Amino acid sequence: MTAAAFRFAASVEEATALLRAHGEDARLVCGGTALAILLRQELVAPALLVGIGRISELGTIAVDAGGALRLGAAVRVRAAERDPRVAAWTALAEAFAHVA
């Protein structure tokens with residue numbers, strides 16, 4: 001397995017720019033992902049891994065004015081499981097409890 005370069009993006013704009021610049025040779029990563037399995041099995045071999053876990057705006061949980069639950073791409077499963085705003089979505093809350 002060839003090691004990919006790794007870059008932590010500081011913003012959504014930077015992550016987007018890296019993905020645009022590297023096209024199919026780049027993959028997003030945040031915490032434990034299925035990507036790790038694909039890498040170990042050598043099913044994918046990206047030249048660049050773009051870390052989005054440090055982008056604070058992607059780690060937010062909110063309920064918007066219309067009552068829709070919004071989970072950012074970098075929200076940790078444990079954080080979602082424990083967040084009281086998620087409890088209103090019973091099936092989702094139960095799913096988080098099983099995988100957290």
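This is a predicted model: local features need pLDDT of at least 70, side-chain atom pairs count only at pLDDT 80 or more; totals for chains, interfaces and linings use all residues.
Val29 sits opposite Gly51 of strand E3. Another residue to look for is Arg27, whose bridge partner in E3 is Leu49.

Strand E1 also pairs with E3, again in the parallel sense and over four bridges. On this side, Arg7 has Val50 of E3 as its bridge partner. Put together, the three strands make an open sheet with the order E1-E3-E2 and parallel pairing. Strand E1 (5-8) and strand E2 (26-29) stand at the edges; each has a single partner strand, so one side of each is left without a neighbour in the sheet. From one strand to the next, the twist averages 25°.

Strand E3 is covered on both of its faces. Leu48 and Val50 are buried on one side, and Leu49 and Gly51 are buried on the other.

Turning to the surface, a nonpolar patch is formed by Val63, Leu71, Trp89 and Leu92, which together have about 290 Å² of accessible area. Within this group, Trp89 lies in the loop that links helix H3 (77-82) to helix H4 (90-99). The relative accessible area of Trp89 is 30%, so this residue counts as partly exposed, a class that lies between the buried limit of under 20% and the exposed limit of over 50%.

Notes
Residues are numbered from 1 along each chain as its sequence is written. Side-chain values use heavy atoms; hydrogens and water are left out. Patches are made of residues with over 30% relative accessible area and no salt bridge: like charges are joined within 9 Å, nonpolar side chains (Val, Leu, Ile, Met, Phe, Trp, Tyr) within 5 Å. Accessible areas come from the Shrake-Rupley method with a 1.4 Å probe; for residues, only the protein chains shown count as cover. A salt bridge is a side-chain nitrogen of Lys or Arg within 4 Å of a carboxyl oxygen of Asp or Glu. Helices (H or I, at least four residues) and strands (E, at least two) are DSSP runs, numbered from the N terminus. Buried means under 20% relative accessible area, exposed over 50%, partly exposed in between (1.4 Å probe, protein chains only). Two strands pair if DSSP finds at least two bridges between them. Axes are lines fitted to C-alpha atoms, for helices over the stretch in contact, and angles run from 0 to 180 degrees between N-to-C directions.
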